[in-house]
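Trainee: Hi! Could we go through this one together, bit by bit?
Mentor: Happy to, let's bring it up.

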Amino acid sequence: MVEFSLDLIGMLFGALLTLMVFSYVIKDNVLFRIAMYLFIGVASGYAGAIAVRNVILPALVDPLLGSGGLNVLGWEALGTFLIPWVLAILMTLKLSPRLARFGSLPIAMLVGVGAAVVVGGGITGTLIPQSLAAADSLAPENIFPATGEPLSIWLERAVSALIVLLATISTLVYFRFAAQRDLTGSTRRSRLTAILAYIGRVFIAVTFGVMYAGALTAAILILGQRFEFLRQVINTLIGGS
Amino acid sequence: MCSTLNPAEAETCVSCGARLKPLVAGGAHPEAEEPRFDDLPAGGEGEPDEPDDWLARIRAGVSEEPEPEPEEPPAPTYSETATGSPEWLSGMRNAEDPYNQGGPDEAIPEWMDEFIAAGEGEEPKSEEGDDVPEWLARVRARKAFQPQEDSDSGESVDDDWLNKLRSVPEPEEGALEELEQAEPGLEGLLPREDQPAAGEPPVEEQILPDLKPGAGQDPYPTPPAIDLGVLSDLPGVPGSPRALGSQAEEQEPEAVARRVSASGFGIDWGEGEGKPPDEGVAEDESGMPHVPALVSDESGERPVVEIDESSLASIELPAWLDNLTPQPGVEQAEEFEQEEGAVEEPDLAPATLPSWLEAMRPVDTFRSEIEIVPEDVQAVESVGPLAGLRGVLMAEPVVAIPRTSSATAARLEVTERQYAQGELLHRLIEEEQRESMIMRRPSRPIPLARWIISFLMLLAVLLPPSFSRLGLHGFSHPVDIPRELVPLQGLVNSVPTDRPALIVFDYTPGYSGELDNVAGALIQHALSRAIPLVTLSTRPTGPPLAERLLSELGAPYAAINGQAYLHLGYLAGGPTAVQLFAISPRDAVLTGFLVPETGGEAALGLGPQARAAVWQHPLLSGINRLSDFGMVVVITSGTETARNWAEQTHPWIGDSPLVMVLTAGAEPLVRPYYESTTPLVNGILTGLPAALAYENLNGQQSSAGDVWNIFGIGMLTVELILLAGALYGAAAWLLSLRKR
């Protein structure tokens, strides 16, 4: 006899939602939409609850409640308590069309700080290191074989370095859209640029193909996992285990 | 005019019969004893009683010296105010003006009473005293022989403008009473109910009987100056001094007399001249047709009336009087059309203006063609040195005379293209206003290929659990170990067990089917080495996923929350929060998720103490920076999140390795960070095959083995479908080539 517990009810509810989503195979129907609305609503509500519990309460409310509010009067509270409160109040003014302009200050601060962090991280974490990596791949110690190194390893490393160099240059050339204008007025790339751009387009196509294959692989794996889950539910209902 | 030289005594041309000697208006015969200009001042060189001299000069075409302009005739001119003649008479309008063709014959205004009284009491004065001018004597003599019925023709002309005036809508009674009170002099002009009926005799016969010829009095009395009040300067009022005095100053006395007779208040001051201008050519005593000089009746030209605009601006007219004034834009246009239609079409081709000039002209403001009428139709000049000649050019060309824009000028001229565009716009607007019916799209049947693919995929994922029942072996686990797995294994093995490893769950529940299996291999390896685990997530849904996976994987290793692992919870703020966490984890994360208070029991953490207890947990005792963690593992499904962690943490991560657990789709963009000579990512684990290989490498029991067969047969099915589609496309292409 199957014992109905919260875990079993949750499992049954999950299986039901899975079937409702799979019903999209037939066509867009009410069951699929109900499942989608439910997922969106639950996710939003849960995110709101997490934000209140993990952000608002510890950052804004707990300092008021802790130590009877005396720690608010200190200088340390200026940066850790008062400024966040002011910014939060200004942000809530966005709800009023008349006072919305006052909410632009925290928005500007968020956008400015976020952009600075992302751009700075991109430069120091991606652009410079990747450029140096591409340049180091052509260093003599990487091109020429080391002492006692098998030829196959050196050949593999050399070919890899050449492929990296060719892929990097050709891909950058493909995104260089400058061209000369001929007598007829049409623009044409030079022969060398056209060849390199074509090679770069091949590398880009291969990259996107790999990404698509990986996404397809992940989708198939998720599909299999879902059907495995349905099988477990059926086994539980039938076998009680 | 044939230009044939004729003897000086000849009266008519021997060739064409045209009259060579001028005729004098008013019946003066060329052979009359008194010449036409006998009353000119003596200052002129030419003798006025010798008209043949100047006529001979004209015939000879001699124009050596311009003749001095004759001064204004002194005595008999009605334009001179010094003679005692009324000033308003000098300003009489031209008789040809259709709006001033005489005064009303039924309603004599009250102000005329004053005029009549003044006319009876005063005799017209002139410079010569009681001497009657010569021309007036001739007029009187001819009037004596003129039958009475001639005056009827003048009345009929007067009726024309009078009927127009009657047709004007009457003003309101209230306005009339106010006007009477304001302007007593206008009482006679206002319509009254007690006015004589249409069947009664003309009013001028009732109140002006003495002005009729044969009444024993001067039939042409010079009316005294009458104060017309507000109408004294009004040019539109018939007979007002302003309207009448503009032209008479420059015209000859007889011409003035004719126009006075035609435009007066029905007073028959001269028969013959009082004929309506529609008749075009009048006849003088000699029976010769004539027209007033410098005025073309056939063309319908109006004489230019010079109006003192400064005086007009000072006039304040009542509102009802504006309504009484004729509407020139409408009536003049109609009469123009009638007069122009009466002219016969000439035989000659009309002269046309060039197209560019046609385009510049205002619409319907003047005629673009100058009509040349036949010589027979042309009027004969009656006065002046060119009297008796046909085809005399007017003083002003037709096009130079300003005309008022007709009523048709207001009509919009639209071309066919403009009309079509307007119709199109009209239709578009109508269609916009029309309510569109809600059309229910018919449900399209699902393509057969979609059904087939769905069926095959469903069969593929349902079939593997039955492999054992069917006696089939499943897909073997991958034998080849990717080369990045060995360094990863060594990396995890090198992580100290006294320092917790940070595991970031940055994926949504949708990817848990893949990432739980992939990350499970690495987490199992860490749990097998008793490495404390601390979880974190930049997604709100991350902490529950972490708890579910760790509780599932930690069960074989007796790993429970609070002892083997701990959840820091949700890190809000995106890349900025990641950087802040890398710099100072304690400031970035203020509370945890399911942090156990005592023992291993998880608490909801609603109180401040409970939330603050996360950093007081023994697992996090030595953690102040990111580099204090023994290892950082990021489990993510997106390349953006992986790049953020790699970029924002590398300055503060120190010697702690950064490992990426990725989905298969995110690997191509993250791998460069791993394969770089100075890698930001120290280890990478991607996809289910790599996870199985890692488990095999570590000798662990495969947690992903359950879905391996499903994954394998699903991939095989997809490959077969792609192959079938490629073959179908190639076959279709070959068939199309064969058809060509």
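Trainee: Let's start with B:Gln701. Where is B:Gln701 found in chain B?
Mentor: B:Gln701 sits in the loop that links α25 (687–698) to α26 of chain B. Keep in mind that this is a predicted model.

Trainee: Is B:Gln701 buried or exposed?
Mentor: B:Gln701 counts as exposed, because it has 9 C-beta neighbours inside 10 Å, and the cut-off for exposed is 12 or fewer.

Trainee: And how many residues apart in sequence are B:Gln701 and B:Gln524?
Mentor: They are 177 residues apart in sequence, while their C-alpha atoms are 9.4 Å apart in space.

Trainee: Zooming out, how many helices and strands are there in chain B?
Mentor: Chain B has 26 helices and eight strands. Of its 740 residues, 36% count as buried. Among the contacts in chain B with a separation of 6 or more, 73% are between residues 24 or more positions apart.

Trainee: What about chain A, which pattern does it follow along the sequence?
Mentor: Chain A reads α-α-α-α-α-α-β-β-α, that is, seven helices and two strands. Here 8% of the 241 residues count as buried. Residues 24 or more positions apart make up 42% of the chain A contacts with a separation of 6 or more.

Trainee: How many residues does each chain bring to the contact between A and B?
Mentor: Chain A gives 46 residues and chain B gives 44 residues. On the chain B side, the largest share is seven residues from helix α26 (residues 705–739). By class, that side of chain B has 21 nonpolar, 17 polar and six charged residues.

Trainee: Back inside chain B, then. Why is strand β6 described as largely enclosed by the rest of the structure?
Mentor: Because six of the six residues of strand β6 (residues 631–636) of chain B are buried.

Trainee: Which residues point which way from β6(B)?
Mentor: B:Met631, B:Val633 and B:Ile635 point one way, B:Val632, B:Val634 and B:Thr636 point the other way, and all are buried. As background, side chains in a regular strand alternate between the two faces of the sheet.

Trainee: What does β6(B) pair with, and in which sense?
Mentor: Strand β3 (residues 501–506) of chain B pairs with β6(B) in the parallel sense over six bridges. Strand β7 (residues 658–662) of chain B also runs parallel to β6(B), and five bridges join them.

Trainee: Which residue of β6(B) is the bridge partner of B:Asp506?
Mentor: That is B:Thr636. B:Thr636 also has a bridge partner in β7(B), namely B:Leu662.

Trainee: And what kind of unit do β6(B), helix α23 and β7(B) make?
Mentor: A right-handed β-α-β unit, with α23 covering residues 639–649 of chain B.

Trainee: I'd like to see α20 of chain B next. Which residues of α20 are buried?
Mentor: In helix α20 (residues 574–583) of chain B, the buried ones are B:Pro575, B:Thr576, B:Val578, B:Gln579, B:Phe581 and B:Ala582.

Trainee: What covers the buried residues of α20(B)?
Mentor: The cover includes α4 (104–136) of chain A, as well as α21 (585–588) and α23 of chain B.

Trainee: Last stop, chain A. Where does the kink in α3(A) lie?
Mentor: At A:Leu82, shortly before the proline A:Pro84, and the kink is about 35°. Helix α3 (residues 76–92) of chain A has 17 residues and reaches 24 Å from its first C-alpha to its last, close to the 24 Å expected at 1.5 Å a residue.

Conventions. Residues are numbered from 1 along each chain as its sequence is written. Chains are lettered from A and ligands numbered from 1 in the order in which they are written. This is a predicted model: local features need pLDDT of at least 70, side-chain atom pairs count only at pLDDT 80 or more; totals for chains, interfaces and linings use all residues. Two residues are in contact if their C-beta atoms, placed from the backbone, lie within 7 Å. Helices (H or I, at least four residues) and strands (E, at least two) are DSSP runs, numbered from the N terminus. Ala, Val, Leu, Ile, Met, Phe, Trp, Tyr, Cys and Pro count as nonpolar, Asp, Glu, Lys and Arg as charged, and the others, Gly among them, as polar. A residue is buried if 20 or more other C-beta atoms lie within 10 Å of its own, exposed if 12 or fewer, and partly exposed in between; C-beta atoms are placed from the backbone. Two strands pair if DSSP finds at least two bridges between them. A crossover is right-handed if, with the strands pointing away from the viewer, the path from the first strand over the helix to the second runs clockwise. The expected span of a helix is 1.5 Å times one less than its number of residues. The bend at a residue is the angle between axes fitted to the seven residues ending there and the seven starting there.
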